[in-house]
Amino acid sequence: MNQNTKRSLCLKLFTSTFYLSAFTFGGGYVIVPLMRRRFVDDLRWIEEKEMLDLTAIAQSAPGPIAVNAAILLGWRVAGPLGALVAILGTVLPPFLILSVISLFYAAFRSNPIVAALLKGMQSGVAAVIASVVVDMAGDIFRQKRLLPTLIMAGAFLVTLLCDINVVWIILVCAVVGILAAFWRQARDKKEGTV
């Protein structure tokens, strides 16, 4: 890839992540479907399955899911420079917005219009998060593989019924996935299909 192409790619990556981050309210679970739409559907830089994998890794890693997803996506698209550009594009908008809001926090806190606006935005965010859950669950069901379906259902039930920190649930799911991959690899090696 020549310098001009890489520069153009990084600029598009920065403007895309900046735009998504600036106009997305509700956190990482809201930005992920928008990233999917932009980078999978519109730009066709990555495949649907790859975006699902990046999302799973971003969700499992420490830190904000939006930043983690941007790092992974940027790295995948344009290497280390792409990761840096994607981080800047994702972090700058909330940093600037929160800096301005912090200057006027007392006025915002007591304003009934702002309070009503935030309540309305919560409803929209809940709908977007529900959409993400349905999309990701649909992708898992379409794979028609038993273990990922059982992991998803088990994690959902444990989250719903037990008072266990979600970090532990994610770690257990990751360990189960790793063990399943090792088991599958050992089975394939034993059968001579590797």
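**Ground rules.** I worked on a predicted model, where local features need pLDDT of at least 70, side-chain atom pairs count only at pLDDT 80 or more, and totals for chains, interfaces and linings use all residues. I number residues from 1 along each chain as its sequence is written, and side-chain values use heavy atoms, with hydrogens and water left out.

**Aromatic pairs.** I described each pair of rings by the distance of the centres and the angle of the planes. Rings of Phe, Tyr and Trp (its six-membered ring) pair if their centres lie within 6.5 Å; planes under 30 degrees apart are stacked, over 60 edge-to-face, and the rest tilted. I got three aromatic pairs by this rule. One of them joins tyrosine 19 and phenylalanine 23: the centres are 5.0 Å apart and the planes at 50°, so I noted it as tilted.

I then checked accessibility. Buried means under 20% relative accessible area, exposed over 50%, and partly exposed in between (1.4 Å probe, protein chains only). Tyrosine 19 is exposed at 52%. Phenylalanine 23 is exposed too, at 58%.

I next looked up phenylalanine 39 and tryptophan 45. Their ring centres are 5.6 Å apart and their planes at 25°, so this pair is stacked. Phenylalanine 39 is buried, with a relative accessible area of 0%.

**Contacts of phenylalanine 39.** Contact means heavy atoms within 4.5 Å. Leaving out residues up to four places away in sequence, I found phenylalanine 39 touching Leu13, Ser16, Thr17, Leu20, Arg44, Trp45, Ile46 and Leu73.

**The core.** A nonpolar core is a set of buried Ala, Val, Leu, Ile, Met, Phe, Trp, Tyr and Cys residues joined through side-chain atoms within 4.5 Å. The largest has 23 residues, and Ile31, Met35, Phe39, Ile46, Met51 and Leu73 touch the most other members. Two or more residues each come from α1 (3-22), α2 (28-42), α3 (48-60) and α4 (65-103). I see α4 giving the most, with nine residues. Helices (H or I, at least four residues) are DSSP runs, numbered from the N terminus.

**Threonine 90.** I found threonine 90 in helix α4. Threonine 90 is buried at 5%. A polar atom of its side chain lies 2.8 Å from the backbone oxygen of alanine 86. Not counting residues up to four places away in sequence, threonine 90 touches Thr17, Ser21, Ala66, Val67 and Ala70.

**Isoleucine 101.** Isoleucine 101 is also in helix α4. I noted isoleucine 101 as partly exposed, at 31%.

Terms used:
Polar contact = N/O pair within 3.5 Å; in protein donor to acceptor, adjacent residues only side chain to side chain.
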